[in-house]
Amino acid sequence: MQKKFAKKIIEKPRRQKSRDKYSRLRGMKDILFDEYKYWDIVVKKATDLAAVYSYKRIETPILERLDLYERATGKDTDIVSKEMYSFIDKSGDRVAIRPEITPGLVRAYIEHGMFNLPQPVKMFAFGPAFRHEKPQSGRYRQFTQFDLEIFGEESPIADVQLILIAYNFFSGLQINVQIQINSIGCKECRQEYVKKLVEFYKERGKRTKLCIDCKKRFLKNPLRLLDCKEDVCIEVREDAPQIIDFLCDACKDHFIKVLEYLDEMDIPYNLNPFLVRGLDYYNRTVFEVWSQKEEDDDEKNPARQSALGAGGRYDDLVEFMGGRPTPACGFGIGVERVVMKIKEKNIPIKEDEDFIFLAQLGDQSRRKMMKLFEEMNRSGFKVRQAFTKDSLKAQLEEANKIKARYTLILGQKELMDGTILIRDMESGTQEVVDYKKINSELNKRLNREEKQ
Ligand code: HAM
């Protein structure tokens, strides 16, 4: 035993390989080349929908004052108290890397006096957010949100339109989702409910059964006991009073209208009395978008599937942050989770099929093809090349790899004859055509209108 111990001390510390030393941080992800084809369609779908519903793009800094999130997201929320990356910068300012996009947009709305614009003001942002969470599949420490917000609109139509956008977004990507929805009322009616909830948890030792986090939540934010993901807490909450029974008339009326519109628009939803959301600013409608239950999902606890998107109404936040009273609502989608879903389900993506590959043999042909490449690119053809390669075989391999539809081949003979070969990459057939007629020949084959 002693011998072993001595050996351990004498052993030189293992040198860390520089490859490991400089590996990326836990919970951070590189997005490599091929994955971008998924990102591109997600981003396109999101921005197209934002345009359809008249949302304008906005970007705010990733670094903001720490107290923005402490006040807006909430000092006692997990996001701010446990997960946020914050530090004191070189000027001594307390700053934070954004854990979510909404507070920055609220700040921008107030700071740029957007209450002077015709209301409602609809905006969307797209970018990274950071949370020091325990990494797992679909949960990263840097992730990307597509975020939409409406400021200055109290009508339930705004809530419904947001849910509709979320629903259209996912169905457009062929992802089956279910909307989980609840109302958490306003400050007044929630107060009454929370009192009843606390009484419920105090009865017959239920409180002692809760997980460690919920024991703390019981004191700080009892509402959050309802959406804990631990089995013990799920069991205890089963008979808890439901907030829906405590809504005041105005909140009840608002929520009923939201549900009526959803019914009318044929949007399937699930009334979920345990949905309360983990951020402080919400009131009235809250919702999450879950992927439709699959065979391998956790039966007992559907909430364990991570939400693809989430949002709700936050009518008091703008005023709470120093602005004029402004009702508002919004939602955020986790782009990595959407991309994961598309890949997981093998959802077919329409790839660009009309690439024209330009191949050459010999230096003189290469020069001519390099010029042709630029001309064709300007005329709107989707051209590709591998001009640094000499062998035709290697060039055709490249053309196959990118699934080119046609390859144009220019060798010595064609150069002398003023012709060029058009090779159909699927059938392998080749045809000699007049070099001057390349564009019209290709347009004919691609059923493309000729560009003037
Ligand atoms: P959230 O529920 O914290 O809400 O996040 C919204 C979405 O971001 C989640 O549904 C999920 O898809 C994605 N997400 C969150 N954390 C991670 C993570 N660690 N890794 C990968 N994806 C993640 C908000 O952030 C609110 N600002 C939404 C909102 C906008 N409410 C009103 N307006």
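What follows is a set of stops, each with something to select and a note on what is there. Keep in mind as you go that this is a predicted model.

**Stop one: the ligand**

Next, pick glycine 330, where a polar backbone atom is 3.5 Å from a nitrogen atom of the ligand. Then move to glycine 334. Here a polar backbone atom is 3.2 Å from an oxygen atom of the ligand.

**Stop two: helix 3 and helix 14**

Select residues 36–52 for helix 3 and residues 335–344 for helix 14. Their axes come within 10 Å and cross at roughly 120°, which makes helix 3 oblique to helix 14. If you turn the view to look at the crossing, it is right-handed.

Which residues of the two helices meet here? On the helix 3 side, show Tyr38, Trp39, Ile41 and Val42. On the helix 14 side, show Val335, Glu336, Val338, Val339, Ile342 and Lys343. Colour the residues of this contact by class and you get eight nonpolar, two charged and no polar ones.

While you are at helix 3, step into the loop between helix 3 and strand 1 (56–57) and click on serine 54. The phi of serine 54 is near 60°, a positive value in a residue other than glycine. What makes that worth a click is that most residues other than glycine have a negative phi.

**Stop three: helix 4 and helix 6**

Now select residues 66–74, which form helix 4, and residues 102–111, which form helix 6. The two pack at an angle of about 105°, with their axes 9 Å apart, so helix 4 and helix 6 are roughly perpendicular to each other. Show the side chains where they touch: Leu68, Tyr69, Ala72 and Thr73 in helix 4 meet Pro103, Gly104 and Arg107 in helix 6. This contact has four nonpolar residues, two polar and one charged.

Stay with the loop between helix 6 and strand 5 (121–130), and pick out proline 120 there. Is the peptide bond from glutamine 119 to proline 120 cis or trans? That bond is cis, with omega near 0°.

**Stop four: helix 7 and helix 12**

Next, highlight helix 7 (residues 156–172) and helix 12 (residues 249–264). Their axes come within 9 Å and cross at roughly 40°, so helix 7 and helix 12 are oblique to each other. Helix 7 passes helix 12 in a right-handed crossing. From helix 7, the contact uses Pro156, Ile157, Asp159, Val160 and Ile163, and from helix 12 it uses His254, Lys257, Val258, Tyr261 and Leu262. By class, that gives seven nonpolar residues, one polar and two charged in the contact of helix 7 with helix 12.

**Last stop: lysine 403**

Where is lysine 403 found? Look in the loop between helix 16 (392–401) and strand 14 (406–410). The phi of lysine 403 is near 60°, a positive value in a residue other than glycine.

Notes: Residues numbered from 1 in each chain as written. Predicted model: local features only at pLDDT ≥ 70, side-chain atom pairs only at ≥ 80, totals over all residues. Heavy atoms only, no water. Axes fitted to C-alpha atoms, helices over the stretch in contact; angles between N-to-C directions. Helix = DSSP H or I, 4+ residues; strand = E, 2+ residues; numbered from the N terminus. Parallel < 35°, antiparallel > 145°, perpendicular 65-115°, else oblique. Left-handed = near helix turned anticlockwise from the far one by under 90°. Contact = heavy atoms within 4.5 Å. Nonpolar A, V, L, I, M, F, W, Y, C, P; charged D, E, K, R; others polar. Polar contact = N/O pair within 3.5 Å; in protein donor to acceptor, adjacent residues only side chain to side chain.
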